[in-house]
Amino acid sequence: MSELKSSDPQICPECGRQNLYQTTTASAGIHGPVLLPRLGTLFHIPVFEVVVCADCGLTRFYAEPSARARLAESGRWRRR
């Protein structure tokens, strides 16, 4: 998950530029909130792929596939 897939946008939807940077980060830490509650396992904290536009600052977080697969079974999340 460290690279954007070719089907993912390579252009910022906010400003239309192509100055995007990405990294991965955990969805929870010892000093912050749990951003994907009940989507991990006992031994795995879900991660995000984070994409930031260096021009306008728009930041997007993409939950890893294993976390997304657990959404329907989790009692913490509801479908909109």
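Visitor: In the hairpin that β2 and β3 form, which residue in the turn has a positive phi?
Guide: Strands here are DSSP runs (E, at least two residues), while helices are H or I runs of at least four, and both are numbered from the N terminus. β2 and β3 form a hairpin with five residues between them. In its turn, the residue with a positive phi, about 90°, is Gly57.

Visitor: Before we go on, what pLDDT do side-chain atom pairs need in order to count?
Guide: Residues are numbered from 1 along each chain as its sequence is written, and side-chain values use heavy atoms, with hydrogens and water left out. This is a predicted model in which totals for chains, interfaces and linings use all residues, local features need a pLDDT of at least 70, and side-chain atom pairs count only at pLDDT 80 or more.

Visitor: How many bridges hold β1 and β2 together?
Guide: Two strands count as paired if DSSP finds at least two bridges between them. β2 and β3 run antiparallel and share five bridges, with Phe48 opposite Ala63, Glu49 partnered with Tyr62 and Val52 opposite Thr59. On the other pairing, Thr23 has Val50 as its partner in β2. β1 and β2 are also antiparallel, and their number of bridges is seven.

Visitor: Which strands stand at the edges of the sheet?
Guide: The sheet is open, with three strands in the order β1-β2-β3 and antiparallel pairing. Two of the strands have a single partner each, so one side of each lacks a neighbour in the sheet. Those edge strands are β1 and β3 (59-63).

Visitor: How many of the residues of β2 are buried?
Guide: Buried means under 20% relative accessible area, exposed means over 50%, and partly exposed lies in between (1.4 Å probe, protein chains only). For the chain of 80 residues, 24% count as buried. β2 is mostly covered: of its seven residues, the number buried is five.

Visitor: Which residues make up the largest nonpolar core?
Guide: A nonpolar core is a set of buried Ala, Val, Leu, Ile, Met, Phe, Trp, Tyr and Cys residues joined through side-chain atoms within 4.5 Å. In soluble globular proteins, nonpolar side chains tend to be buried together. Here the largest core has six members: Leu36, Leu39, Phe48, Val50, Ala63 and Ala67.

Visitor: Is Ser27 buried or exposed?
Guide: Ser27 sits in the loop between β1 and β2. Contact means heavy atoms within 4.5 Å, and beyond four places in sequence Ser27 touches residues including Pro33, Leu35, Ile45 and Phe48. A polar atom of its side chain also lies 2.8 Å from the backbone oxygen of Pro46. Because its relative accessible area is 2%, Ser27 counts as buried.

Visitor: With which side chain does the side chain of His44 make a polar contact?
Guide: His44 is in the loop between β1 and β2, and at 34% relative accessibility it counts as partly exposed. Leaving aside neighbours within four places in sequence, His44 is in contact with Glu64 and Ser66. A polar contact is a pair of N or O atoms within 3.5 Å; within protein, one must be able to donate a hydrogen and the other to accept it, and residues adjacent in sequence count only if both atoms are side-chain atoms. At 2.6 Å, the polar partner of His44 is Glu64.

Visitor: What is the phi of Arg38, which is not a glycine?
Guide: Arg38 lies in the loop between β1 (20-26) and β2 (47-53), and with a relative accessible area of 58% it is exposed. Most residues other than glycine have a negative phi. Arg38 instead has a positive phi, of about 60°.
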